[in-house]
Amino acid sequence: MKHDKLMKLILTGVFAALSYVVFTFLQIKITLPGGDATSIHLGNAVCVAGALILGGFYGGLGGAIGMTIGDLLDPVYVVYAPKTFLLKFCIGLITGMIAHKFGKINQKKEKTDILKWVIAAATGGLLFNVIFDPLIGYFYKLLILGKPAAELVLVYNIASSSINAFTSAIVSTAVYMALRPALLKSGIMANNLQDGYQAKNRAERGEL
């Protein structure tokens, strides 16, 4: 059990590092009125992939930590770090809930069925971000930062969030489906570690 949790924590760190690198160094930053900025990036794809592989909590946590660090180290984005952590963590939680609680993708064998639930999970998590990232950002700028250009910036944020969601859904789905066979064999996917531990306990009790 401790080994399982340690493995998940290690992989959470790996996804945090990946999301930081992708978000920070592979982004297209767009300067907005009032000295603000938005960006086109694939950081959300790493967050979604992490949730599909590790489950919503650990996958979302990895993505949230990585992109929050990216914000903290950028003078333009630093004020948005709390918003980033909350939203990216929610992307992971929603993706993981759809994929593992409803879709139970780790227990399925039919590729078409798995793909259907993976797409649904990625779409659900990223759709949340498309709606709430610009919305929360708008009120954050208007009420907390007091930026008069909040309404104008909102349009740009909706556009960039939509582009990011579309590209991230495609990339995360493709990456997960490509890695799934190897991940199943390795036993590191979301429910496999716990399932394996429980099976071992049942075998030791003579229940198998």
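View 1. A search of the whole predicted model finds 8 aromatic pairs, a pair being two rings of Phe, Tyr or Trp (its six-membered ring) with centres within 6.5 Å. Phe85 and Phe89 are stacked, at 6.1 Å centre to centre and 25° between the planes; planes under 30 degrees apart count as stacked, over 60 as edge-to-face and the rest as tilted. The two residues lie 4 apart in helix 4 (residues 81-102), which means a separation of about one helical turn. Helices are DSSP runs (H or I, at least four residues), numbered from the N terminus. Phe85 is partly exposed at 32% relative accessible area, whereas Phe89, at 18%, counts as buried (buried is under 20% relative accessible area, exposed over 50%, partly exposed in between; 1.4 Å probe, protein chains only). Phe57, Tyr58, Phe85 and Phe89 form one aromatic cluster.

This is a predicted model, in which local features need pLDDT of at least 70 and side-chain atom pairs count only at pLDDT 80 or more, while totals for chains, interfaces and linings use all residues. Residues are numbered from 1 along each chain as its sequence is written, and side-chain values use heavy atoms, with hydrogens and water left out.

**View 2. The ring pair of Tyr138 and Phe139.** The ring centres of Tyr138 and Phe139 are 5.1 Å apart and the planes are at 75°, so the pair is edge-to-face. Tyr138 is buried at 14% relative accessibility; Phe139 is partly exposed, at 41%.

View 3. Helix 2 has 12 residues and spans 16 Å from its first C-alpha to its last, close to the 16 Å expected at 1.5 Å a residue (1.5 Å times one less than the number of residues). Gly55, with a positive phi near 105°, follows the helix. Cys47 has 0% relative accessibility. Its sulfur is 9.7 Å from the closest cysteine sulfur, in Cys90, too far for a bond. The structure holds 0 disulfides (cysteine sulfur atoms within 2.5 Å).

**View 4. The largest pocket.** The largest pocket has a volume of about 170 Å³, the space filled by probe spheres set on grid points joined across faces, edges and corners. A pocket is an open set of points on a 1 Å grid over the protein atoms alone where a 1.4 Å probe fits, with protein on both sides within 12 Å along at least five of seven lines; lining residues have an atom within 4 Å of a point. Helix 1 (2-25), helix 2 (43-54) and helix 6 (150-186) each supply at least two lining residues. The lining includes Phe15, Val46 and Val175.
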